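Biologist: Hi, can you walk me through this one? I'd like to go piece by piece.

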Amino acid sequence: MGRYIVRRLFYMMVVILVVSIITFGLMHAIPGGPFSREKALPEETIKILNERYHLDEPLWKQYVSYAYAVLIPHITTIPPSTSLQDDFLVNAQIGSVWFRWMNFGPSFKSRSRTVNDIFRDNLPISAQLGTMALIIAIAIGLPLGVLAALKQNTLWDYFGMGISILGVSVPVIVLGPIFVWVFGVALKWFPPTGWGAKPPYLFGFLPSKLGWDFFKYAIMPSVALGLGSSAVIARLTRASLLQTIREDYIRTARAKGLQERVIIMRHALKNSMIPVVTILGPLFAALVTGTFVTELMFGIPGMGKYFVTSITNRDYPVIMGTILLYAVFLVVANLIVDITYAFLDPRIRYD
Amino acid sequence: MRKNFAILSLLVILSMILTACGGATPAAGEPVVVKETVIVEVPGAEAPAAEGPKVLNLSFGYGDVPTLDPAIAEDTSSIQVIEEAFIGVTHIDEETSATVPGMATDWSSEINADGSETITFNLRTDVPWVRWNGEEVETVKTCDGAADRLVTAGDFAYGINRNLDPVNASPYAYVWGFVLKGAADYNNGVTDDFSTVGVEVVDDATLKLTFIAPAAFNTQIAGMWIGRPQPKWVIEGDCDGAVEARGERWTEPGFFQSYGPFTMSEWIHDSSLTIVKNPFWPGTADIPVAKIDVVNFSMLDDAVAFADYEAGNLDSSAVPGADLDRVKADPVLSAELVTAPVMCTYYYGFNTTAPVVSDVRVRRALSMAIDRQSLIDNVLKGGQEPAQWFSRPGLAGSPTMADYPDLGVKSDAEAAKAELQSYLDETGQTADQLDLTLMFNTSAGHQRIAEAIQQMWADNLGVNVKLINQEWAVYLATIKGANTPQIFRLGWCLDYPDANNFIRENFDANASSNPYTDGKPSGGVFYNNPDFFAGLAVAATESDAAKRVELYAALEQTLVYDEAVIAPIYWYSRNTVTKPYVVRTFGVGGQEALEKWDILPH
C-alpha cells in the first residue's frame, strides 16, 4: 500500500505538470490579453504593463519562471516584503532563515491582491459551502437510494426517484432565485444574500464562530447546491444496491439465516458503495473549490467566480492558480477514493 | 405610497386635535407650562442616543473592487470610493458636470511664451489626513506626534508622480500624457526625471501645473482621480521606520489613509466594502461634511441586489432590465423608481475601408434605417434617449437637443431607402445581394439590440445582415485590427465631462476607435480625414464656450452624417429604485456624491 501511494503521488505530479503546461499554452493562445479594454490603452501603456508582468518575454521563459516561483521553495534570509510579486503561500521562519514556498503571482485585475490572497480569503468560504452541500447531498441521497432499492417498484421507490429526477432537472440556476424569493424576500426566514463567516478563519478555513449567524446564511445555498448532487447519489445508490442484492453471496447470507438488517448493512450496502464513492471524489473537488452559479445567486464571496472571470479578464496568474487548485483537489480526492476501495472491497489490492 | 398618505393624513388630523387641546389647556392652569420646560431639556440629552448612526446600504455590482489606489484605478467602483476618500484640486458637480472648487479654493491661468498654459492652484490648508483605527476615524500625526499631517501641494505632486511612473503601470496615466507638459515622456520612460513634468510645488498651499496648450478641460483633468494625493509615508515608510512601508498594499484596511468626506473602514474582498464619515473633513460649499455616518457597499449581481432591495436590506439598487416592467406596474416600486441620464453613448462603427460599407451612402442608409425610438420603446425599455450624434448632451462643448434638434442623423426609412438605391443603381446590384456582417461581443443584451436592428434593416432596406458575436477580449482584438468587420458595436462613457473626451479620444487619428500603425489607419473605423482631425484640435483649445459648441456641432455632423463613420444609437440612462427615506442626488458620470445624501428618520 505504501509503495502504491508513493507511486501514485509521483503520477499526480506528472498529471499536474501536464495540466499546467496545457493551461498555460491555451490561455496564451486565445486572442486578447489582460489589458484589452473597450477604451483602448495606448500602445506605450500596454508596453509598460507587459514589461511589469514579464509578458514581453518568450512563452517558455514565462512558464519556467512561473513553475520556478510556484514549485521551488525559496530559502532566504530576506524577510517577506509588501510587494505583490513576493507573496508566498508558505512562509516559515527558522532562526534568521525564511523558508518560502508557492508564489502564484499577483492578480492583473485586482491590483492590490495576489492569487494567494484569493486562496486565503475566498477558498475557505467555498470550502465551507461545498462541504455543507456535500453533507446534505449524502444525507439526503444515500437513504433515498437505499429506500428506493429495498422497496423497488413500490410507492417509496417512485417517490424517491421522482424527487431525484426533480433534483437533477431543476438546476441551482432555477432553484436559487426561487429560494431567494420565497425564503429570503417573501418569508424573510433567511437573509437572501451574503455569507456568515469572514477572515480570519480557524485553521485557515473554518468559520471562527459557528452559530445561527453562520447557518442563517449557509442553509439556503447549501440546500440548493446539495439537492442536485443528492439526486445523483440517490440514483447511483439505488442502481448499485439493486445489483448487489441479487448477487450469490447475498443469497448465501440469506440461506445462512442472517438477519435482513445485517445482510443489507454489512454485506450489500458496503459492496454497493464503490460506484457512489467513485463519484464522491470528483464531486468533492468540484463543490469545495467553488461553485460559480450558486455563489452568484446568493451573493457569496467564494472562489467560484474566479474560474469564470479570470478567463474573461485574461488574468493569467488567476487562471493558472484556479485550474491548478482544482487539479490538485481532483487528483488528491481520486487517490483517497482509490484507497477507500481497498477498505470497501478487500479483494482490491494495490501491491 | 397610499399607505404613507393615510398615515400622513392621520398625523395631520391628530396634530390638529392636539393643537386644539393645546390651545385649550392653558386655561386649565399653570402646571402644563412647567411640564413643558422639563420636556425641552430631556430630548436634548436623549435624542442623539435614540437616533444612532445613519447607515446606508448599497451594492457595487458583482466582483471585488479592483483597487483603492488613485494611481492605478480605472473602473467605476474603485473610482466611486476614491471620489469620496480623496478630493482633487478641482471637483466635478455630479449633477451639472460643472467644474467647481475641490481642494483648491481658486485658481488662475496664464499663457506662457511657448503657448503652454500654467494654472496656479491655491489649496486649502485645513484638511488633515485621517485613518480608521478600528473604532473611529482619527487624524494622522506627524513623526513627532505634535501635529496633524495636513494635505499639501507636495502630496498632490507625489500622487501625480506615482500615477505617471512607469513602474506603477497606470492604465489611465495617458490622460495626463495628452495635456500635461512632459507627462507622456516621463510615463513612457523616455526620461526618468520627474522635474521635466509640468508639476511645480511652490509651497504647501500652492501647486502649479503646466499644460501643453490652453484648453477648457485642463482644469477638469487636473481634478481627475489620476491627480489625487497619496500618503507617501504609508507607501514608502517614514519617521525612521516607525511608520512601516506598506508598498502596493497601502490601500488594504488598517493601512489606508485618506482625507475626503469619507474614509474606508472595512474591506472584505469580494464581499463588501464600508466607508465611514470623516468628521475632520472641513466641508466646502460643493463638498459638504457627510450627513450619513456609514455606507456599506455589498458586491452583488444586479438581479441579486434587487432581490436584496426588495427584502429591505439595501436602500437603493439598480433595476435589472428584466424586472423593469414589473417595477413600473407596482404601485410602491414605481414611486421609488427614477430614470436618470448617464454620460455614455452606444453606437455601431463602420469599417470605412471594408466592401460595401466603404461607400458613404450605404453607411448613411444603414444609420438612418435604425428606428431608435422603437428600439428604446420595445427592446431596451429603460428610458434611454435616441442618439443623433456621438458626444452625449450634458458634456461641456457638446451640442444639446434643445439648441440643435435637427443635428446629426435621424431615423428616416424613406431617405435611407433612397440613399441605398442610389448606391445599388450605380453598382448594378439588388439589396438582397449585399453581403454585410454586424459583429458584437457576446451578451444577451447586445444580441437583442442587434437582432432588432437586423430586422429594421431587412424591413426598411431589404438587406440581410449577418450577425456574429465573439467573446469580449477576442472581440476587442478583432475590432482594433486589420480584420475589423463591416459593422461593429461599441459604447463609450465619460472620464471627464467634455466633448473632447468623446469625439476626439475616439475618432482622432490613432484614438481609441481609430487605431493607427505607422501613420496609417489599422483598425476600428479606419478613418483618415485631416480636416476633421485639425477641427478636433481647434475645438479643444477654443476658449469661447458658445463658439466651441458650434465647432463640435459641425464636427459631429461630419462624423455621423456627412461621412457617416458611425451610427450613434442611444444615449444611456439608468433605472434606480431608492427607499423613500433616502435623500439623494443622481450622479450623471457613474459616481454618486454620497456626502450630499441623507437618511430621514423612518
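Predicted model: local features only at pLDDT ≥ 70, side-chain atom pairs only at ≥ 80, totals over all residues.

Biologist: What about strand β13 of chain B, how many bridges does its pairing with β21(B) have?

Modeller: Three, again in the antiparallel sense. β13 is residues 316–318, and β21 is residues 566–578. There, B:A318 has B:T576 as its bridge partner in β21(B).

Biologist: Switching to domains. Where does the assignment put them in chain B?

Modeller: Domain 1 comes in two pieces, 55–299 and 575–599, and domain 2 is 344–571. Their centres, taken over C-alpha atoms, are separated by 35 Å.

Biologist: How many residues does the contact take from each domain?

Modeller: It takes 15 residues from domain 1 of chain B and 17 residues from domain 2 of chain B.

Biologist: What classes of residue are on the domain 1 side?

Modeller: The side of domain 1 of chain B that touches domain 2 of chain B has ten nonpolar and five polar residues, with no charged ones.

Biologist: Now the two chains. How many residues of each are in contact?

Modeller: 43 residues of chain B are in contact with 43 residues of chain A. On the chain B side, α5 (173–179), α9 (302–310), α16 (472–479) and β18 (487–493) each supply at least two residues.

Biologist: Which element gives the largest share of that side?

Modeller: α16(B), with five residues. By class, the side of chain B that touches chain A divides into 21 nonpolar, eleven polar and eleven charged residues.

Biologist: Over to chain A. How do helix α5 and helix α10 of chain A cross?

Modeller: Their axes come within 11 Å and cross at roughly 150°. An angle over 145 degrees counts as roughly antiparallel, so that is how α5(A) and α10(A) lie to each other. If you're finding them on screen, α5 is residues 123–150 and α10 is residues 260–288.

Biologist: Is the crossing of α5(A) and α10(A) left-handed or right-handed?

Modeller: The crossing is right-handed.

Biologist: Which residues meet there?

Modeller: From α5(A), the residues include A:S126, A:A127, A:G130 and A:L134. Among those they meet in α10(A) are A:I264, A:L269 and A:F284. The residues of this contact divide into eleven nonpolar, three polar and no charged.

Biologist: Last topic: what's the strand order in the open sheet of chain A?

Modeller: The three strands go β1-β3-β2, and the pairing is antiparallel. The edge strands are β1 (74–76) and β2 (90–94) of chain A, each pairing on one side only. On average, neighbouring strands of this sheet are turned by 15° against each other, direction ignored.

Biologist: How many bridges are there between β2(A) and β3 of chain A?

Modeller: Five, in the antiparallel sense, with β3 spanning residues 97–101. One pair to click on is A:I94 and its bridge partner in β3(A), A:V97.

Methods: Residues numbered from 1 in each chain as written. Chains lettered and ligands numbered in written order. Contact = placed C-beta atoms within 7 Å. Helix = DSSP H or I, 4+ residues; strand = E, 2+ residues; numbered from the N terminus. Nonpolar A, V, L, I, M, F, W, Y, C, P; charged D, E, K, R; others polar. Axes fitted to C-alpha atoms, helices over the stretch in contact; angles between N-to-C directions. Parallel < 35°, antiparallel > 145°, perpendicular 65-115°, else oblique. Left-handed = near helix turned anticlockwise from the far one by under 90°. Pairing = 2+ DSSP bridges. Domains from an automatic or database assignment.
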